[in-house]
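Hi,

Here is the structure I promised to pass on. Have a look at it first, and then read my notes below.

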Amino acid sequence: DAEMRGGPDPEMAATMGFSGFGKKARTFDLEAMFEQTRRTAVERSRKVLEAREREEEERAEKDLRSSCTSSSPSASDARGTGTASTQRGKVWSESENSSDEELTGPSKQSPTSVHDPAEDTDDEDDDFIGPPLPPGFKDSDDDYDDDAEEEDNNPVKKIPDSHEITLQHGTKAVSALGLDPSGARLITGGYDYDVKFWDFAGMDASLQAFRSLQPCECHQIRSLQYSSTGDVILVVSGNSQAKVLDRDGFPVMECIKGDQYIVDMTNTKGHTAMLNSGCWHPKIKEEFLTCSNDGTVRTWDINNEKKHKTVFKPRSSQGKRAIPTSCTYSRDGKLIAAGCQDGSIQIWDRNMTVHTKFHCRQAHAPGTDTSCLTFSYDGIVLASRGGDNTLKLWDIRQLKKPLNSAERLPSFFPMTDCCFSPDDKILVTGTSVKRGDGSGKLCFFYRETLQKLYEIEVTDASVVRCLWHPKLNQIMVGTGNGLAKVYYDPVKSQRGAKLCVVKTKRKERPAETLTQDYIITPHALPMFREPRQRSTRKQLEKDRLDPVKSHKPEPPVAGPGRGGRVGTHGGTLSSYIVKNIALDKTDDSNPREAILRHAKEAEENPYWISPAYAKTQPKAVFAEVEPEDDETDKPEWKKRKI
């Protein structure tokens with residue numbers, strides 16, 4: 001019992017190997033450990049400060065020696081010695097005080113005497129292991145910082161244009177581009193009415209679209225855009241009804257068409273003329289915006305296709321109807337902007353449809369199509385791409401005068417757009433060219449001054465659409481000759497085109513002509529039931545091994561025949577005569593022409609009758625062939641009836 005109360009017997013414990021049972025567990029006092037750590041840090045910082053003071057004193061003494069040669073060096077030495085002795089006293093007293101206390105936890109480092117300044121600076125940094133670094137060596141972090149500073153100073157290095165891929169959309173202009181928010185899928189639309197879907201993760205190096213459709217039949221595609229969640233796509237075409245598709249191209253809703261006989265466009269349920277542009281609300285995933293040649297800008301709800309949500313009616317300075325050619329939401333979705341054919345830019349509050357909040361009457365030349373409006377990521381600056389070959393920047397708080405303007409940027413398409421870079425420092429747009437008159441360019445401008453930083457010659461056709469995705473850091477370009485180009489950088493860009501260029505092209509499957517149709521007969525008797533085919537590929541491989549099914553057909557035999565096979569026409573005389581008769585294509589329907597065909601030969605080589613009558617035979621005179629009367633000019637009742 002005593003052993004049970006007092007613990008195991010020491011001898012038995014030592015024999016069994018449990019000698020550690022008799023010891024108490026070590027306890028740690030956290031407060032004492034924190035206090036010890038604090039004291040160590042205070043002492044270390046005090047050493048650093050004293051070392052710096054010592055350096056300053058030594059530097060001052062050196063300056064004093066050089067300036068005053070008459071002063072004796074003994075004073076400075078005495079001062080330095082006194083400082084060192086004082087330091088030693090302080091450190092020693094600190095060590096004595098600390099040794100009196102009972103320490104728990106990790107042991108404290110023993111204080112040392114005064115160090116050199118170099119040693120103190122080494123204490124600040126982490127301890128280095130190994131030989132010292134060679135002179136002129138730069139750490140990788142320093143290189144990264146230098147590269148980052150260089151990129152900040154040179155915005156051109158931020159442009160990802162070192163590599164490119166080309167997607168063949170068709171033969172006509174690519175007038176619409178759209179990327180989902182994650183950057184996984186690209187959609188392209190063009191003047192050939194087609195909308196094509198491209199999946200970067202599913203494509204290989206052949207760069208083929210996985211789906212192509214014509215959602216609006218025979219209407220040109222004007223705009224394509226994914227919603228903020230990426231689950232639906234807005235399709236704006238040349239008709240008056242916008243469509244919404246899901247990610248796979250199946251229709252979700254179609255806007256209703258308005259009554260074109262009603263004068264007041266507010267009272268119609270939808271657009272009555274061709275659409276020009278459209279976009280999704282950046283925050284509300286069910287709402288989108290469209291503008292049309294009927295002079296209205298309308299918002300829609302995806303859950304209500306029977307009627308629009310609100311109507312905005314742009315007006316000219318005389319109060320007449322102005323046709324909006326482009327429209328967009330602000331980044332926060334509170335403002336709606338429209339560029340009109342009279343050259344004005346009009347901005348409304350989303351909740352107030354009557355009066356504009358900001359407007360500029362002479363933003364671009366009247367009568368030209370303002371092809372694009374886009375807000376910067378900070379929501380303050382508005383960029384407009386005009387049909388008057390200009391690109392302008394506006395402060396929406398002072399819309400009377402542009403901040404900056406860039407000119408001589410040709411634009412032949414009503415949907416030539418512009419966009420901001422992800423860091424909001426660069427503005428991008430494309431230029432148009434006539435056929436055979438040079439190359440279309442993608443131009444990059446510095447946002448603050450609109451000075452041209454850089455340009456890329458894309459192709460020998462116009463650059464219509466451009467899109468700089470913030471997550472992928474890749475630039476998509478739509479051209480006038482049916483190409484969609486993607487520019488990227490292997491280091492600066494993410495995913496996107498980098499996923500498909502590394503995949504090899506899939507091998508083409510062999511022709512499946514050898515496979516026979518499999519007839520499913522579930523109720524047939526076992527003796528007539530065909531074995532079920534496991535897969536087409538396995539069946540092809542099995543048929544390839546079968547010498548009968550894989551036998552190449554023999555070519556037709558030419559000549560009399562060989563190898564036991566009879567020739568095509570046989571080898572007898574009768575077959576030869578029949579063959580020659582079949583080849584004789586002479587037409588003997590006219591006997592006179594058939595006889596006169598031999599007249600020239602009989603005259604040159606007489607043989608039978610002509611030599612006997614050579615002296616008395618008169619010269620043969622044949623009647624001339626009279627041309628048939630032209631009966632086209634005769635009336636119908638006079639024409640010969642056949």
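Predicted model: local features only at pLDDT ≥ 70, side-chain atom pairs only at ≥ 80, totals over all residues.

Let's start with strand E3: Arg185, Ile187 and Gly189 point one way from it, while Leu186, Thr188 and Gly190 point the other way, and all of them are buried.

How many of the residues of E3 are buried? Six of the six, across residues 185–190, so the strand is largely enclosed by the rest of the structure.

With E2 it runs antiparallel, and five bridges join the two. In that pairing, leucine 179 stands opposite leucine 186 in E3. E2 and E3 form a hairpin with five residues between them, and glycine 183 in the turn has a positive phi of about 80°. The other partner is strand E4 (residues 195–199), which pairs with E3 in the antiparallel sense, again over five bridges. Here isoleucine 187 stands opposite phenylalanine 197 in E4. E3 and E4 also make a hairpin, with four residues between them; in this turn tyrosine 193 has a positive phi of about 70°.

The largest pocket holds about 1300 Å³ of space. It is lined by 46 residues, and the closest to its centre are Gln225, Cys279, Arg331, Thr374 and Leu467. Which strands each supply at least two residues of this lining? They are E2 (174–179), E6 (221–226), E10 (275–280), E14 (324–329), E18 (372–375), E22 (418–420) and E26 (463–469). The lining of the largest pocket divides into 23 nonpolar, 16 polar and seven charged residues.

The second largest pocket has about 580 Å³ of space. Of its 16 lining residues, Glu603, Ser610, Gln617, Pro618 and Ala620 lie nearest the centre. Helix H10 (591–596) and helix H11 (599–604) are the elements that give two or more residues to this lining, and H11 gives the most, with three. By class, the lining of the second largest pocket has 11 nonpolar, three polar and two charged residues.

One last stop is helix H8, residues 536–545, where the buried residues are Gln539, Leu540 and Asp543. Seen down the axis of H8, these buried residues fall within an arc of 100°, so they line one face of the helix. What is exposed on the other side of H8? There you will find Arg537, Lys538, Lys542, Arg544 and Leu545.

That's it from me. Enjoy looking around!

Technical notes:
Residues numbered from 1 in each chain as written. Heavy atoms only, no water. 1 Å grid on protein atoms, 1.4 Å probe; cavity = no way out; pocket = protein on both sides within 12 Å on 5 of 7 lines; lining within 4 Å. Points joined across faces, edges and corners; volume = space filled by probe spheres on them. Nonpolar A, V, L, I, M, F, W, Y, C, P; charged D, E, K, R; others polar. Buried < 20%, exposed > 50% of the residue type's maximum accessible area, 1.4 Å probe, protein only. Arc of directions from axis to C-beta. Pairing = 2+ DSSP bridges.
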